[in-house]
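Subject: Structure for you to look at

Hello,

Here is the structure I said I would pass on. Please open it beside this message and find each part as you read.

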Amino acid sequence: EGMVRARFQAYGLPDDLVYLAMIESGYSNTAVSRARAVGMWQFMPYTGRHYGLVVDDWVDERRDPFRATDAAARYLSDLNTQFGSWYLAAAAYNAGAGRISRGINRLPGDPDSVSDETFFALADRRYLRLETRDYVPKLIAAAMIAKDPSRYGFDSIPTLPPLAYDEVTVPDMTGLDVIARLADTTTSSLVELNPQFFRGVTPPKREVIVRVPRGSGPLVAARYADLP
């Protein structure tokens with residue numbers, strides 16, 4: 001949450017949009033929808049690539065919580081610029097900008113005069129799919145509960161420390177199991193830090209940056225240099 005909130009604030013997005021990823025995926029980097037949207041922010045391949053994410057046979061940055069969060073921030077910012085409403089931007093994130101635009105054009109009155117209330121007008125007239133009609137209310141509800149959890153019966157929520165890491169540059173076709181051994185950690189911990197390398201190995205023909213547990217970066221670099 002802290003990582004997403006900081007990156008969204010840097011882009012000027014409202015804090016409550018942090019909870020959009022809860023509605024999309026439950027904050028799961030490995031979530032895959034029936035439509036084959038992937039990752040915490042549920043990007044389709046085209047949209048992910050459009051916002052700078054690598055999606056190929058070796059790397060899928062839709063699974064990378066850091067890179068995908070930056071892409072989601074840019075996407076939401078563009079949608080808000082297009083519609084002038086964060087509720088409509090969230091709805092367009094779910095349904096697509098074209099569907100929201102078509103719905104607005106069907107409403108009585110000036111299609112250029114829209115606001116957050118426009119979302120509810122679209123929902124009341126059933127110009128949106130049920131999933132999208134429920135989407136913004138779910139986002140509002142998630143934000144309300146998260147801000148005052150005890151009011152809604154969540155009295156003992158465990159907190160985890162922020163995900164901290166160092167970065168090392170490695171050559172092509174390097175196994176995450178090798179890096180994990182050099183970092184004195186487990187392969188599963190490396191995968192958690194680097195879910196974009198979904199084959200368990202870095203891609204061929206290019207150097208990449210790999211995240212390792214905080215404090216282990218210099219050690220990993222030195223040990224890697226000594227490998228035969």
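This is a predicted model: local features need pLDDT of at least 70, side-chain atom pairs count only at pLDDT 80 or more; totals for chains, interfaces and linings use all residues.

**The cores**

The largest nonpolar core has 41 residues, and those touching the most other members are Phe8, Leu20, Trp41, Phe43, Tyr93, Ile100 and Leu122. Several helices give two or more residues to this core, among them α1 (2–10), α4 (65–83) and α8 (130–147). The most comes from α4, which gives 8 residues. In soluble globular proteins, nonpolar side chains tend to be buried together.

Leaving aside residues up to four places away in sequence, Phe8 is in touch with Leu13, Pro14, Leu17, Val18, Trp41, Thr69, Ala73 and Leu76. There is also a second, separate core of 14 residues, including Leu176 and Val208.

**Helix α1**

Which residues of α1 are buried? They are Val4, Arg5 and Phe8. These three lie on the same side of α1, because they cover an arc of only 100 degrees around the axis. An α-helix has 3.6 residues a turn, so residues three or four places apart point the same way. The buried residues of α1 pack against α4. On the face turned away from the buried side of α1 are the exposed residues Gly2 and Ala10. After α1 comes Gly12, with a positive phi near 80 degrees.

**Helices α5 and α7**

The axes of these two helices, α5 and α7, come within 6 Å and cross at roughly 50 degrees. That angle lies between the limits for roughly parallel (under 35 degrees) and roughly perpendicular (65 to 115), so α5 and α7 are oblique to each other. On the α5 side the contact is made by Trp86, Tyr87, Leu88 and Ala91, and on the α7 side by Asp116, Thr118, Phe119, Phe120 and Leu122. Of the residues in this contact, 7 are nonpolar, 1 is polar and 1 is charged.

**Two loop residues**

Tyr27 lies in the loop between α2 and α3 (45–50), and Gln42 is found in the loop between α2 and α3 as well. Tyr27 is a residue other than glycine with a positive phi, near 60 degrees. For Gln42, also not a glycine, phi is positive and near 55 degrees.

Are they buried or exposed? Tyr27 has 30% relative accessibility, so Tyr27 counts as partly exposed. Gln42 has a relative accessible area of 13% and is therefore buried, as the cut-off for buried is under 20%.

Regards

Definitions and conventions. Residues are numbered from 1 along each chain as its sequence is written. Side-chain values use heavy atoms; hydrogens and water are left out. A nonpolar core is a set of buried Ala, Val, Leu, Ile, Met, Phe, Trp, Tyr and Cys residues joined through side-chain atoms within 4.5 Å. Buried means under 20% relative accessible area, exposed over 50%, partly exposed in between (1.4 Å probe, protein chains only). Helices (H or I, at least four residues) and strands (E, at least two) are DSSP runs, numbered from the N terminus. Contact means heavy atoms within 4.5 Å. The arc is that of the directions from the helix axis to the C-beta atoms. Axes are lines fitted to C-alpha atoms, for helices over the stretch in contact, and angles run from 0 to 180 degrees between N-to-C directions. Angles under 35 degrees count as roughly parallel, over 145 as roughly antiparallel, 65 to 115 as roughly perpendicular and the rest as oblique. Ala, Val, Leu, Ile, Met, Phe, Trp, Tyr, Cys and Pro count as nonpolar, Asp, Glu, Lys and Arg as charged, and the others, Gly among them, as polar.
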